[in-house]
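Please keep the sequence and the model in view while reading.

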Amino acid sequence: MKMSRGTFLYSGRVNINTAPVRVLAALLPEGREHLAQTLADYRLERPDEDEGFSHVLKNGWFSQVIELSEKEKKAFDRQLTYSSYIFRADCTASVEKAQVRLSAIIKREREKETQKWTCRILQLENLPLEKT
């Protein structure tokens, strides 16, 4: 990962478990973009009102959800990963009448000495307040 003019660049794959629909659509074969919403809906399915999710999202799970040829599956899978260490979090906090919105790029990393996972903020910026 490297930073260029305030933007984080990294070579790698897209996390299918967290990517927005528009990103999934861009990765799918031409003419199959509409399947991106099906993938996103599958990720979010929950059993009734219980906590948790209905599906375990292991490597290759998309092939159980959408129909692609073997060639298309291989090409799609080459662009994917199923876990991430860099995340974006958009947060809103309110106290009485004061409100702030922030966006952070966060990197999850393991401490060498303790092997515990920690998060480090790589970039933090104020976002405009949403109008109500």
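**A charge over a ring**

The charged end of Arg108 sits over the ring of Trp117, at 4.6 Å from the ring centre. A charge is counted as sitting over a ring if NZ of Lys or CZ of Arg is within 6 Å of the ring centre and within 35 degrees of the ring normal. The model is predicted: local features need pLDDT of at least 70 and side-chain atom pairs count only at pLDDT 80 or more, while totals for chains, interfaces and linings use all residues. Residues are numbered from 1 along each chain as its sequence is written, and side-chain values use heavy atoms, with hydrogens and water left out.

**Overall architecture**

- The protein contains three helices and seven strands; helices (H or I, at least four residues) and strands (E, at least two) are DSSP runs, numbered from the N terminus.
- Along the sequence, these elements follow the pattern β-β-β-α-α-α-β-β-β-β.
- Of the 132 residues in the protein, 23% are buried; buried means under 20% relative accessible area, exposed means over 50%, and partly exposed lies in between, with a 1.4 Å probe and protein chains only.
- The protein exposes about 10300 Å², of which carbon and sulfur atoms supply 49%; accessible areas come from the Shrake-Rupley method with a 1.4 Å probe, and for residues only the protein chains shown count as cover.
- Among contacts in the protein with a separation of 6 or more, 40% are between residues 24 or more positions apart; a contact means heavy atoms within 4.5 Å.

**The sheet of E5, E6 and E7**

- Three strands form an open sheet in the order E5-E6-E7, with antiparallel pairing; two strands pair if DSSP finds at least two bridges between them.
- Its edge strands are E5 (86–95) and E7 (117–127), each of which pairs on one side only.
- On average, neighbouring strands of this sheet are turned by 30 degrees against each other, direction ignored; the axes are lines fitted to C-alpha atoms, for helices over the stretch in contact, and angles run from 0 to 180 degrees between N-to-C directions.
- Ten bridges join E5 to strand E6 (residues 98–110) in the antiparallel sense.
- Arg88 stands opposite Ile105 in E6, and Ala89 has Ala104 in E6 as its bridge partner.
- In a regular strand the side chains alternate between the two faces of the sheet.

**Loop residues with positive phi**

- Glu96 lies in the loop between E5 and E6, and the hairpin of these strands has two residues between them.
- Although Glu96 is not a glycine, it has a positive phi of about 50 degrees.
- The relative accessible area of Glu96 is 83%, so this residue is exposed.
- Gln115 is found in the loop between E6 and E7 and, as a residue other than glycine, has a positive phi near 65 degrees.
- Gln115 is partly exposed, because its relative accessible area is 42%.

**Aromatic pairs**

- The count comes to three aromatic pairs; rings of Phe, Tyr and Trp (its six-membered ring) pair if their centres lie within 6.5 Å, and planes under 30 degrees apart count as stacked, over 60 as edge-to-face and the rest as tilted.
- One of these pairs is formed by Tyr42 and Trp61, which are stacked at 5.3 Å centre to centre with 15 degrees between the planes.
- Tyr42 lies in helix H2 (residues 35–44) and Trp61 in the loop between H2 and helix H3 (70–77), so this pair ties together parts that are 19 residues apart in sequence.
- Tyr42 counts as buried at 13% relative accessibility, and Trp61 is buried at 2%.
- Tyr85 and Trp117 also form a stacked pair, because their ring centres are 5.8 Å apart and their planes stand at 20 degrees.
- This pair links distant parts of the chain, with Tyr85 in the loop between strand E4 (80–81) and E5, and Trp117 in strand E7, 32 residues apart.
- Tyr85 counts as partly exposed at 41% relative accessibility, and Trp117 counts as partly exposed at 40%.

**Surroundings of Ala36**

- Ala36 is placed in helix H2 and is buried, with a relative accessible area of 0%.
- Not counting residues up to four places away in sequence, Ala36 touches Val21, Leu24, Ala25 and Leu28.
- Ala36 and Val21 are 15 residues apart in sequence, and their C-alpha atoms are 5.5 Å apart in space.
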